[in-house]
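These are notes for a colleague who is opening this entry for the first time. Please read them with the structure in view.

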Amino acid sequence: MPPKAPTLCAICKTNRALILRPKDHSKLCKPCFITVFETEIHHTITSNSLFHRGEKIAIGASGGKDSTVLASVLKTLNERYDYGLELVLLSIDEGIKGYRDDSLETVKRNAKQYDMPLTILGYEELYGWTMDQVVEQVGKKGNCTYCGVFRRQALDRGAARLGVRHVVTGHNADDVAETVLMNLLRGDLPRLSRSTSIVTSTPAAASGDLKSHTNIKRSKPLKYAYEKEIVLYAHHKNLDYFSTECIYSPEAFRGSARALIKNLERVRPSAILDVVRSGEDMAKLVPGNDDDRSCGGACSSNVPAAEEEEGGCGSANGRTAGGEMAHMERHLAQNEAAAENELEVEITIPKPKKAGNKKPKANGMAPQKPNKQQVLGQCKICGYISSQEVCKACVLLEGLNKSQPKNRIEVVYDEKENQVLDGATNGMAKAALGPG
Amino acid sequence: MAVKDNNDIADQPCRRCKNNPSVLVVRTEPLCRECFVRYVNTKIIKRMESFRVRHAAPGQQRKILLPLSFGVSSLVLLHVLDFQLKTQSEKSGRTGFSLCVVYIDASTVDSSAPDAAMLQHVQERYPHDYATVPLQTLFELLPLDDPLLISLCAPDLPSTATSSDRISSLLSSLTSSTARADVLPMLRTRLLVEEAKQRGCEGILWGDSTTKLAEKTLSETAKGRGYSLPWHIADGESPLGIPFHYPNRDVLKKELVAYIDLADPPLSSLVHGPSAASTTTSMSSKTTTIDELMKNYFESVEENFPSIVANVVRTAGKLQVKETRRTAAQCNLCNMPVTDGRFGIHGWGGDQEDGLQSAGPSSGLCYGCSRTIPNGLR
Ligand SMILES: [Zn+2]
Ligand SMILES: [Zn+2]
Ligand SMILES: [Zn+2]
Ligand SMILES: [Zn+2]
């Protein structure tokens, strides 16, 4: 057999092609793949004007492949294109014994490798409870609710403490596509719309208080990057990352959507990007989204950024796999039966109604009024952006503190309650007073 | 699934008539054969509200086109509407509408297409107007300046090429089975619309079940046509200038399949292909197209979570086409209205190649169609 001529790289046409690019199956050499991957993220950053010169950016770092690649690429691009950014790493320690040990070690090494300051904040500091303490208190069942709710706010709270107004996360194209399909399956258009948006800043509800953690901008520079390419990039750049697996299995809708995305990618490699595109277009068709805005409609959604569902156990709600679907099925079937019988029974998704709540001010009472200030209020306890009067974290904290008499005596929103929570927020405010 | 025969159901009487033994469970209700048939009939006929006798002007027959594919869905629809028409004329001596049943024969490009001779059996059982139209007729029916026609005239084909040559050359130019599975139904729809117009029909009655509409929702999303979702599942005016109706929209696929055997007499002898039971999900490991993938997915979800399937359709139905979008330019292939000139795969956030406009607006293809036909038509 005559020696076959090696396939040449489709870009430089010089080197031998060694990489089959997952996104479009083009054949590239290693240096060209690295360059094209970085250039595409640069393109995403510039075409969406994600950053401005002098901005301080916190990279949500878990030690996993996505955030490690994000840190590495941002460092490279910041130097190559002179973005003028101040990049810092921010890690959250949930306080699960042993769980973060290896990943936090990885982040510490990354901090040295990339010469970026690193802050690790524990749930203990942010909420007064570690996850282990939560589990001890509420048992294994149901702790996912806490994990998810706490985690969603942790980066914002942490960033506020560092005086950083902008957090970037490693969400990639696979994550976004998965969330689009998941929210179609769950029938949640506002969240679908929100998840497709590259920037999900929560508008400051009332004051322009710079120390408040209600006005943290979040963005996803890897939004259009394929997970497989992120892995390839990490591999070829010899990046030091830790293969984290969420210790909780994803809930049924996300698991279902994830499996679909993997199968779709197998059938048509562009499908991940195509789902993202569909999601962006659908966001403009969601009732109430004003598509004349520059953001393309996605950011006028009524879901606060921080209430956005994230991967892993973030949305598991403490139910076992399949339980989530069965629960929704029962609920929908009841609605259908009621509609069928033309009963005036309206069964809507049960909202956690709190006994002590005063009459909610227009919140949910006049659903058709697109008044964002009313829908996106602030938590009356911690000031966090929330669609409810008290944010989910505070509701959960209240429950925890209530059930632990040695720590907490009062459950009403009195001075003491506020002190504990202010302990976190004021602490952040103080920390944030440093150089801006 | 068809008829359930597990013991705990067989012993239970029908939940509705409280008399006959139940033969299957429909959304947690054990039903007997009669009550099940009535359940499906009612769901379908309810959707035909606007075609009741009292809405028809005397002496003026409203015609609607019913595409027949010899699949489960279109056969059940024909069976139920035939029943509805009989009931109408028994009660009032006239009917609210009449049916034009059209079978599109795609045998020139699809070897698994049903034999046109099958139509005879259907015709004997349900006396209506029938027609068999070969798929390639599309090339003769379209106006000469139709963008699809212009685009489809491959330059390397001699001017003497027949319409069969043209359609074969188009389909063989599609490299993936996903693309073929995507384009074939679009051509079929386009031809049915032309037939409906020519025959003076005021609308088309599609057989899509709840399950099929959910499949379409996710597969159009996966193919990059999320922008057009409202048009794919809504009853009423379509971008093709004729109203579309989906009378089976409240019935699950598995219920239609069960109906085939439970109807009196059964419809099984009229069904073509791997329709009846079991074979549907067995090939899931070797799925080759996006449509098949979604079909298998929803047929499994439908088993235990029928309301979730229905909720997907309801959710997609909440997407709103803005008024200004109705006048938007249409895609040359799928005919969906594309707003803001967002044709082609370039010029959006996920496109990293600035200045590459090769398959841009000039192709006249929407994002999704540009994926199916990467080099543009011709
Ligand atoms: Zn190269
Ligand atoms: Zn709060
Ligand atoms: Zn009965
Ligand atoms: Zn199209």
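**Notes on the predicted model**

1. Chain A contains 15 helices and nine strands. The model is a predicted one, and the values below are computed from it. Of the 436 residues in chain A, 53% count as buried. Its accessible surface comes to about 19,500 Å², and carbon and sulfur atoms account for 53% of that area. Among the contacts in chain A with a separation of 6 or more, 72% are between residues 24 or more positions apart.

2. Chain B also has 15 helices and nine strands. It has 378 residues, of which 57% count as buried. Residues 24 or more positions apart make up 66% of the chain B contacts with a separation of 6 or more.

3. In what order do the five strands of the open sheet in chain A stand? The order is β5-β4-β3-β6-β7, and the pairing is parallel. At the edges of this sheet are β5 (118-122) and β7 (217-219) of chain A; each has a single partner strand, so one side of each is left without a neighbour in the sheet. From one strand to the next the twist averages 30 degrees. Strands of a sheet pair through backbone hydrogen bonds, in either the parallel or the antiparallel sense.

4. One pairing in this sheet can be followed residue by residue. Strand β4 of chain A (residues 86-93) is joined to β5(A) by five bridges, and the two run parallel. Within that pairing, A:Ile92 has A:Leu121 in β5(A) as its bridge partner.

5. Helix α3 of chain A (residues 101-114) lies across β4 and β5 of chain A, and runs at about 170 degrees to β4(A).

6. Which residues hold the zinc ion (ligand 1)? The ion is coordinated by the SG atoms of A:Cys9, A:Cys12, A:Cys29 and A:Cys32, at 2.2 to 2.3 Å. Angles among the four donor atoms are 101 to 116 degrees, and the site is tetrahedral. Along the chain the donors follow the spacing C-x2-C-x16-C-x2-C. A:Cys12 lies in the segment before β1 (19-20) of chain A, while A:Cys32 is in helix α1 (residues 30-47) of chain A, so this pair ties together parts that are 20 residues apart in sequence.

7. A:Cys32, at 12%, counts as buried, because the cut-off for buried is under 20% relative accessible area.

8. The zinc ion (ligand 4) is coordinated at 2.2 to 2.3 Å by the SG atoms of B:Cys331, B:Cys334, B:Cys366 and B:Cys369. Its four donor atoms subtend angles of 105 to 115 degrees, which makes the arrangement tetrahedral. The donor residues are spaced C-x2-C-x31-C-x2-C in sequence.

9. Helix α11 of chain B (residues 253-262) has nine of its ten residues buried, so it is largely enclosed by the rest of the structure. Its buried residues include B:Lys253, B:Lys254 and B:Glu255, along with B:Leu256, B:Val257 and B:Tyr259. What covers the buried residues of α11(B) includes β1 (24-26), α2 (33-46), α3 (72-92), α9 (210-222) and α13 (290-304) of chain B.

10. Strand β3 of chain B (residues 63-67) is mostly covered, with four of its five residues buried. β3(B) pairs with strand β4 of chain B (residues 98-105) in the parallel sense, over five bridges. In this pairing, B:Ile64 has B:Leu99 in β4(B) as its bridge partner.

How values were computed
Residues numbered from 1 in each chain as written. Chains lettered and ligands numbered in written order. Predicted model: local features only at pLDDT ≥ 70, side-chain atom pairs only at ≥ 80, totals over all residues. Heavy atoms only, no water. Buried < 20%, exposed > 50% of the residue type's maximum accessible area, 1.4 Å probe, protein only. Contact = heavy atoms within 4.5 Å. Areas by Shrake-Rupley, 256 points an atom, 1.4 Å probe, with all protein chains shown as cover. Pairing = 2+ DSSP bridges. Axes fitted to C-alpha atoms, helices over the stretch in contact; angles between N-to-C directions. Donors = N, O, S within 2.8 Å, 3.2 Å for Na, K, Ca; no water. Tetrahedral: all angles 85-135°; square planar, octahedral: opposite > 155°, others 65-115°.
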